[in-house]
Amino acid sequence: MTTQMRDRLDEALQAGKVDGLHAVVAVRDGQTLLEHYGAGKDFAWGDSLGVVEFGPETLHDIRSVTKSVTVLLYGIALGEGLVPAPAEPLLPLFPQYPDLAADPQRARLTVEHALTMSLGVEWREDLPYNSPANAEIAMELAPDRYRYVLERPIVEPPGAGWTYCGGATALLGRLIADGTGQSLPRYAQAVLFTPLCIGSFEWMTGADGVASAASGLRLAPRDLARLGELVLAEGAWEGHRIVPTDWIRTMLQPRLRTTWGAQYGYQWYIESIEGRRLVAGMGNGGQRLFVLPELDLTVAVTAGNYDDPDQWRTPLTVLERVILPAMA
């Protein structure tokens, strides 16, 4: 199986079908089926790293796959009684904004609306990430990122529909930090990364020094795959419970439909591929964490196709033309 995957990947590379591919790690039932590292231009957020020769220890932006990691942390904190349940009203958790809490429409917001990206506020991230017109960039430039999110104009009732919104994840990150009394990276290291034997990571911060809950995490692909294995095991690792099982199940329950047709749970996408359930974390440039429960398979992909309209092609090709055919 491993040889077949390697041959298929070599063919795809030679045919130019996986442009920008930096690394792939595929793991099934604890066994590594495929591990590949390439070379290419890379960035840490907007800062050029030049041409990088990738290897097992090389950290890579996982961009918005960070959102899927943040919600794992939320579940751990919830199990410890440190953060509010999804049904809790959202605005009272930000008492510094009494004027916003007094708005009857905003008073309807709950934590779950942040978890499902259904805040109902105006938010556009379909613009280049180097433009202040992009809402996530505007949030980073704002004097107060949380107020920026919560005071956005309301365009539909909370929960009515899904709108991609890094601001929703920023709110979750703040609730984790407030509830645990620790920064997001420090809490993640203590309750998630150290138990998983993930020793090296970076979590980039905005100008205010706050770690980006939406897109700031840098991990080695092996460690990204390990997070997928944790999800497959419903939160258990080597006999230890890291994330509550009921949170994993709740997190992956479809709740809304995205603009392109996939379903969305709590900061994870849920789709079907070749008749099998697929759950995924997705990030700009082709970063992917694919988890296929029926196959006990997790696939981590990193790539450098940032802001490319066709950035989805490389990770999907790896999954559909390299990995899955070898599983038959």
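Two strands count as paired if DSSP finds at least two bridges between them. Strands (E, at least two residues) and helices (H or I, at least four) are DSSP runs, numbered from the N terminus. In this predicted model, local features need pLDDT of at least 70 and side-chain atom pairs count only at pLDDT 80 or more, while totals for chains, interfaces and linings use all residues. Residues are numbered from 1 along each chain as its sequence is written, and side-chain values use heavy atoms, with hydrogens and water left out.

- An open sheet is formed by 8 strands in the order 2-1-15-14-13-12-11-10, with antiparallel pairing.
- Its edges are strand 2 (31-37) and strand 10 (256-257), each of which pairs on one side only.
- Strand 12 (residues 269-273) pairs with strand 13 (residues 276-283) over 5 bridges, in the antiparallel sense.
- Y269 has A280, in strand 13, as its bridge partner.

**Helix against the sheet**
- Helix 11 (residues 313-323) lies across strand 1 (21-28), strand 2, strand 12, strand 13, strand 14 (287-292) and strand 15 (297-303).
- Helix 11 runs at about 140° to strand 15, with axes fitted to C-alpha atoms, for helices over the stretch in contact (heavy atoms within 4.5 Å), and angles from 0 to 180 degrees between N-to-C directions.

**Whole chain**
- The protein chain has 11 helices and 15 strands.
- Its radius of gyration, taken over C-alpha atoms, is 19 Å, close to the 20 Å that the globule rule gives for 328 residues, so the chain is as compact as a globular protein of that length; the rule is 2.2 Å times the number of residues to the power 0.38.
- Buried residues (under 20% relative accessible area, 1.4 Å probe, protein chains only) make up 55% of the 328 residues.

Technical notes: Buried < 20%, exposed > 50% of the residue type's maximum accessible area, 1.4 Å probe, protein only.
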